[in-house]
Amino acid sequence: MKIQVRYFASLREALGPGETIELPAGTTVGVARDALIGRGGAHAAALARGRAVRSALNQALCDESAALAEGAELAFFPPVTGG
């Protein structure tokens, strides 16, 4: 299945605005993140497991157990603090 991945804030600066990726059916957000980390380089650094990264699926916040579907939009962004 193909999904659209979007990046925001510092992740966008490191990885660009987004990309389309192909993953097996039934993939979760966590598995998608691991696949992107597996590319190495900027993806591995920006999405590393030690970094605080939030995710949204079809514009709704989600955790990494959320299942992806064909044509889904998956967004990654750092936690935002205000003040």
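Let us begin with Arg 33, which counts as buried at 4% relative accessibility (buried means under 20% relative accessible area, exposed over 50%, partly exposed in between, with a 1.4 Å probe and protein chains only). This is a predicted model, where local features need pLDDT of at least 70, side-chain atom pairs count only at pLDDT 80 or more, and totals for chains, interfaces and linings use all residues. Residues are numbered from 1 along each chain as its sequence is written, and side-chain values use heavy atoms, leaving out hydrogens and water.

Arg 33 sits in helix α2 (helices, H or I with at least four residues, and strands, E with at least two, are DSSP runs numbered from the N terminus). Its side chain reaches the backbone oxygen of Ala 48 at 2.8 Å. Setting aside neighbours within four places in sequence, Arg 33 is in contact with several residues, including Leu 47, Glu 64 and Phe 76 (contact means heavy atoms within 4.5 Å).

Phe 76 takes us to the aromatic rings. A search of the whole structure finds one aromatic pair. The ring centres of Tyr 7 and Phe 76 lie 6.5 Å apart with planes at 20 degrees, so the pair is stacked (rings of Phe, Tyr and Trp, its six-membered ring, pair if their centres lie within 6.5 Å; planes under 30 degrees apart count as stacked, over 60 as edge-to-face and the rest as tilted). The pair links distant parts of the chain, with Tyr 7 in strand β1 and Phe 76 in strand β5, 69 residues apart. Tyr 7 is buried at 0% relative accessible area, and Phe 76 is buried at 1%.

Technical notes:
A polar contact is a pair of N or O atoms within 3.5 Å; within protein, one must be able to donate a hydrogen and the other to accept it, and residues adjacent in sequence count only if both atoms are side-chain atoms.
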